[in-house]
Amino acid sequence: MATTLQDPRVASTLDRMYAAAKDQMSLLQDRRGDFARPMTAQERTEAMSEFYIPVTPEAGQLLYALVRATRPQTVVEFGMSFGISALHLASAVRDNGTGRVITTELSDTKIAAAKDTFAETGLDDVITILEGDALSTLTELDDPVNFVLLDGWKDLYLPVIKLLEPRLSPGALVIADNTEAADAGTYLDHVRNPDNGYVSFNLPVRATDSMEISCWASK
């Protein structure tokens, strides 16, 4: 039986987006020095507004499988970008027949593009975009959160998860991408300390990068 990831609208869109991301790599490498200076979240967002910086196809498939297996009612994503990871999450939600994806993004350019993409793939009915600063927009959540993907600015992983912790359901999964980044260190210290309520382990997803998969084990 075909999955939503195999739907021609979704599969062709992901192929196109991954190809575009690959084409950008040399430009991103050339401009990496431009992003080294201290910047606010808004400045970083504007500087990266044209770049995909996506999860790998394999990581996307892992996200799909984890959502299918855990059947979360509410999936929260921090850092939508152009929506590649959201497509994987939403495809799993669609195939589960229940749930929703709530994703956050600060870039107006990426929000506009993602809205078109979600409509074109037929997944817009299971995706809600919270536009603006995630530390503000995520305070509006009322329902328990069962699954979290952290894929925005790494230095914000810790404040975002602390904001969400009162809403995490027992057994909720928290997936953090790009955890080899130096800015992710304080987040890793938090989820790897069992006193903070998590069971956590690290999963290599690239030769030079990894995901941290954490279960909110508090009762």
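I take two strands as paired if DSSP finds at least two bridges between them. Helices (H or I, at least four residues) and strands (E, at least two) are DSSP runs, numbered from the N terminus.

**Set-up.** I am working on a predicted model, where local features need pLDDT of at least 70, side-chain atom pairs count only at pLDDT 80 or more, and totals for chains, interfaces and linings use all residues. Residues are numbered from 1 along each chain as its sequence is written, and side-chain values use heavy atoms, with hydrogens and water left out.

**Sheet.** I started at Glu77, which stands opposite Leu149 in β4. Strands β1 and β4 (residues 145–150) run parallel there, paired over four bridges. I then traced the whole sheet. It is open, with seven strands in the order β3-β2-β1-β4-β5-β7-β6 and mixed pairing. Neighbouring strands are turned by 15° against each other on average, direction ignored. For angles I use axes, lines fitted to C-alpha atoms (for helices over the stretch in contact), with values from 0 to 180 degrees between N-to-C directions.

Which strands does helix α3 touch? Helix α3 (residues 57–70) packs on the sheet against β4, β5 (168–176), β6 and β7 (209–216). Its direction makes about 175° with that of β4. Contact means heavy atoms within 4.5 Å.

**Cores.** I looked up nonpolar cores next: sets of buried Ala, Val, Leu, Ile, Met, Phe, Trp, Tyr and Cys residues joined through side-chain atoms within 4.5 Å. Buried is under 20% relative accessible area, exposed over 50%, partly exposed in between (1.4 Å probe, protein chains only). The largest core has 37 residues, and Leu89, Phe118, Ile127, Phe147 and Ile175 have the most contacts inside it. Elements giving it two or more residues include α1 (8–30), α5 (108–121) and α4 (84–96). The largest share, seven residues, is from α4. Apart from this core lies another, of 26 residues, including Val148 and Tyr198.

**Aromatics.** Rings of Phe, Tyr and Trp (its six-membered ring) pair if their centres lie within 6.5 Å; planes under 30 degrees apart are stacked, over 60 edge-to-face, the rest tilted. I count three aromatic pairs by this rule. Why is the pair Phe78 and Tyr157 edge-to-face? Their ring centres are 6.4 Å apart and the planes stand at 80°, so the pair falls in that class. Phe78 lies in β1 (residues 74–78) and Tyr157 in helix α7 (residues 157–164), so the pair ties together parts 79 residues apart in sequence. Both residues, Phe78 and Tyr157, are buried. With Tyr187 they form one aromatic cluster.
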